[in-house]
Structures are given as C-alpha cells and as structure tokens.
Amino acid sequence: MSKLALVTGAKGGIGSAITKQLVENGYRVIATFVPGNEDCAKEWFDAEGYTEAQVRTLAMDVTNAESCRELLGRMMQEEGTFDVLVNNAGITRDSVFKKMNSEQWSAVIDTNLNSLFNVTQPLFAAMCEKGGGRVINISSVNGIKGQFGQANYSAAKAGMIGFTKALAFEGARSGTTVNAIAPGYTATPMVEKIKPEVLDAIKAEIPMKRLATPEEIAGAVVYLASDVGGYVTGETLSLNGGLYMQ
Ligand code: CAA
C-alpha cells in the first residue's frame, strides 16, 4: 500500500515539484491549496496528469487552526494516518521594516509559522503512534542569515527551525523524524516577484551564480522522507548554491 503524504501549498513553485517527486516515488499525496482557488487547483491537477489514486486536492486555510483540525481529522478518518507531512505553504510580504505594517507582519507569521502548529498538531500524535513518520518543514536561507526587507519572513523561517529542533526530541523515540530544508533563492513565482535589479544583485552574491530549481529542493524532501533518511532528525539541510555556508 502507498505511503500517505500531506503537502501544504502543493501547487506553488516548490510544492508542485515536491508533490510530483513524492508521486513518482509511490506516495499518495493530499495536496492542499488556499480555499477559493478551486479552479486553479483543478487546472494544476489536470495539467500534471495526476490520477485520483495519486493526488487528492484539499482546500485548507493553514492559518485557521479550527478548520485545519476539522479537515485533517476527516482526512485521517478517510485516508488513514499520514506517513509524511511537508509544511511547505509560505508567502512573502517584503518591505523595509520602517515601512512594514502589522498586516504584512501578521500575514507572514500566520502563514509561515503559526501554520506549523495548525497543521502539525492534529497529525503528530498519530504519526508517532504509527512510528517512522516524517515531518519536513520548508524554511529558508533567509531564516538563517536574515535578509534586508524580510524581518517578518526571516523571523518566521527562523522560528520554523526552532520548532523543528524542539519537535525532533518529541518524535525521536518513535522513529518519527522532524527536519527542515532551507532553500536558497529558487526559480519560482515568489522569487520572480523581486525587482529585476534587486534579483540580479542577489544572484551576483550566489557562488553558483544561479537560482535553485524546484526539483533540486524536492529531491531533498524525498531523501528526508525515505527509509534511508531515518537517522536524520532535528537537522536543517541547506540548499543554497553556497550563498550562506555555516
Ligand atoms: N542591504 C543594504 N541596503 C539595501 C539593501 C541591502 N541588501 N537593499 C536595498 N538597500 C537600500 C537601497 O540601496 C536603498 O537605499 P537608498 O534609499 O539610500 O537608495 C534603500 O535600502 C531602499 O531600498 P529599495 O529601493 O529596494 O526599497 P524598496 O522599498 O523599493 O524595496 C524591498 C524594498 C521590497 C525589501 C526590496 O529591497 C527587495 O525586494 N529586496 C529583496 C528582498 C528579498 O530578498 N526577498 C526574497 C523573496 S524570495 C524568498 O523569500 C524565497 C526565499 O526563501 C529565499
């Protein structure tokens, strides 16, 4: 029987590549998207050529604890216990801090950090009970090194790393691993939003002089999800083309 994975923000740049590689590796994926984007989700599902046995799309607002608990409870009843959870949903609201307003701050903290509670909490106990689960949190190089114009995003992405380490202790005895991936600048719509001159300056700082591909990030997810990734926990795996070496 296929292993069951939940991927949040599954039709975004990195989420889409993660979903595809998990499917290619035999997982059944529950793919979440923002409620209201049903048509777009259907288009994505059709364009990728998925079957209903491979992928099930789910409208779920990761910022809403109550609806996550309700929807994920229903998913577990219908689908069983999740083997893999990829907390991938994320947004940017870049602004110099002096001009940042509380909506920009809260939207990023709610979507990128509070979502970890909302989505992981309803699933984690059952994953530990089953044993061998995998929680993979998509953080960012900018949560490690900080970034001009991203006080909100860097705070949330750094928080994801602290969450990862703390939860790794709680999963360890059951063989449930909790890890983070810290992608560098990746060729996705999120990065395409950066002003071209700013992005050029960022690229010039990357030793590899190029963006990551979403597939390169997804490959690390597949590794951490795999059986042979079972001794890695509490770790943050950097994939940043040398932009920041710890
Ligand atoms: N360090 C120091 N100073 C900087 C700077 C930097 N990195 N970048 C800009 N400045 C300076 C500018 O030179 C400018 O100075 P002057 O006023 O003296 O000319 C001042 O700060 C304001 O800069 P901008 O003109 O760029 O200000 P803005 O308000 O138009 O734009 C911004 C602000 C939206 C934050 C823009 O600078 C920006 O987009 N920066 C990049 C942010 C970024 O890297 N986002 C990543 C998004 S992708 C992602 O997050 C995925 C991931 O995980 C990696």
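In the predicted model described here, the largest nonpolar core comprises 28 residues, of which Ile18, Leu22, Val29, Val55, Val86, Ile136 and Ile181 touch the most other members. A nonpolar core is a set of buried Ala, Val, Leu, Ile, Met, Phe, Trp, Tyr and Cys residues joined through side-chain atoms within 4.5 Å. At least two residues of this core are supplied by each of strand 1 (4-7), helix 1 (13-24), strand 2 (28-33), helix 2 (38-48), strand 4 (84-87), strand 5 (134-138) and helix 9 (214-225). Helices (H or I, at least four residues) and strands (E, at least two) are DSSP runs, numbered from the N terminus. Helix 9 provides the largest share of the core, seven residues. A second, separate core of 22 residues includes Leu6, Cys68, Met75 and Leu123.

The model is predicted, with local features requiring pLDDT of at least 70 and side-chain atom pairs counting only at pLDDT 80 or more, whereas totals for chains, interfaces and linings use all residues. Residues are numbered from 1 along each chain as its sequence is written, and side-chain values use heavy atoms, with hydrogens and water left out.

Val86 is in contact (heavy atoms within 4.5 Å) with Leu6, Val7, Thr8, Ile18, Leu22, Ile136, Ile138 and Val221, when its neighbours within four places in sequence are set aside.

Thr111 is located in helix 4 (residues 102-130). With a relative accessible area of 13%, Thr111 is buried; buried denotes under 20% relative accessible area, exposed over 50%, and partly exposed the range in between (1.4 Å probe, protein chains only). The side chain of Thr111 reaches the backbone oxygen of Ala107 at 2.9 Å. Apart from residues up to four places away in sequence, Thr111 touches Val62, Thr63, Ala89, Gly90 and Ile91.

Nine salt bridges are present in the structure, a salt bridge being a side-chain nitrogen of Lys or Arg within 4 Å of a carboxyl oxygen of Asp or Glu. One of these links Asp227 with Lys3, with 3.2 Å between the closest N and O atoms. Because Asp227 lies in the loop between helix 9 and strand 7 and Lys3 in the segment before strand 1, the pair ties together parts that are 224 residues apart in sequence. Asp227 is exposed, at a relative accessible area of 61%, while Lys3 is partly exposed at 34%.

Salt bridges also occur within helices. In helix 2, Lys42 and Asp46 are four residues apart and therefore separated by about one helical turn; their side chains meet at 2.7 Å, N to O. Asp46 is partly exposed, with a relative accessible area of 44%. Arg74 and Glu70 are likewise four residues apart, in helix 3 (residues 65-79), and so are separated by about one helical turn. The N to O distance in the salt bridge between Arg74 and Glu70 is 2.8 Å. Arg74 is partly exposed at 36% relative accessible area, as is Glu70 at 47%.

Val228 is found in the loop between helix 9 and strand 7 (236-239) and counts as exposed, at 70% relative accessibility.

Conventions: Polar contact = N/O pair within 3.5 Å; in protein donor to acceptor, adjacent residues only side chain to side chain.
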